[in-house]
Amino acid sequence: MKVRMVLILFAATLFWACNHNPFRQGEILYGNFCASCHGESGEGFRDLYPPVQNADYFFQNQLATACLIRHGMEQKITVNGKVYEQPMSAIPQLNAIEICNIINFLSHQWNPGMQTVTIDQVKEQLETCRDTTRRNSIPY
Ligand code: HEC
């Protein structure tokens, strides 16, 4: 009886740990909200969707990605020497913590050398684009 109790507690702890792993949450959210365009491994898709793996643009605009996710983007950009001009739709249903976890997942999984961003930095960044209603006027 006692052993069973311990096992249940152990399983519960593992379950809790997985659910509270920010990297894992970022990975799952990336799979649900981004991978359809940017690819399972962040490789992008032809001339339509830019890569987010080893992507110079993401590297240089890490925090601004918070506003990009929230409000979308509609401008010509160059990523790793290639021009992209399809718009990216806003994904307004993601909150600051989820956005933070996605950015950190991208940074650590596929873009070596990037720092971890904090939730406070992400919130601050989102303030700068809070009132933006027009996609193409975001300061990205
Ligand atoms: C419907 C397709 C689509 C989805 C879904 C999508 N994106 Fe994008 N993303 C794009 C396109 C297209 C661009 C280029 C936008 C432009 O040129 O204005 C882009 C640009 C970007 C960029 C800047 C360029 C680069 O590659 O460094 C980042 C970073 C990015 N997206 C991350 C994300 C993340 C994170 C998600 C999920 C939360 C996501 N995107 C979901 C299509 C998409």
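**Exercise 1. Find which residues Q125 touches, leaving aside residues up to four places away in sequence.**

Solution. Start with contacts, where contact means heavy atoms within 4.5 Å. With sequence neighbours up to four places away not counted, Q125 touches L63, A64, A66 and C67. Helices (H or I, at least four residues) and strands (E, at least two) are DSSP runs, numbered from the N terminus. Last, the accessibility: Q125 has a relative accessible area of 17% and is therefore buried. Buried is under 20% relative accessible area, exposed is over 50%, and partly exposed is in between (1.4 Å probe, protein chains only).

The model is predicted: local features need pLDDT of at least 70, side-chain atom pairs count only at pLDDT 80 or more, and totals for chains, interfaces and linings use all residues. Residues are numbered from 1 along each chain as its sequence is written, and side-chain values use heavy atoms, with hydrogens and water left out.

**Exercise 2. Decide whether C129 is buried or exposed, and locate it.**

Solution. C129 sits in the segment after α7. Its relative accessible area is 0%, so C129 is buried. Now compare positions: C129 and A66 are 63 residues apart along the chain, and their C-alpha atoms are separated by 9.3 Å.

**Exercise 3. Describe how helix α2 and helix α6 cross.**

Solution. Two packed helices are described by the angle between their axes and the distance between the axes. Axes are lines fitted to C-alpha atoms, for helices over the stretch in contact, and angles run from 0 to 180 degrees between N-to-C directions. The axes of α2 (residues 22-33) and α6 (residues 96-110) come within 7 Å and cross at roughly 95 degrees. That makes α2 roughly perpendicular to α6, a term for angles of 65 to 115 degrees. Then list the residues that meet: α2 contributes residues including F23, L29 and Y30, and α6 contributes residues including I102, F105 and W110.

Key:
Parallel < 35°, antiparallel > 145°, perpendicular 65-115°, else oblique.
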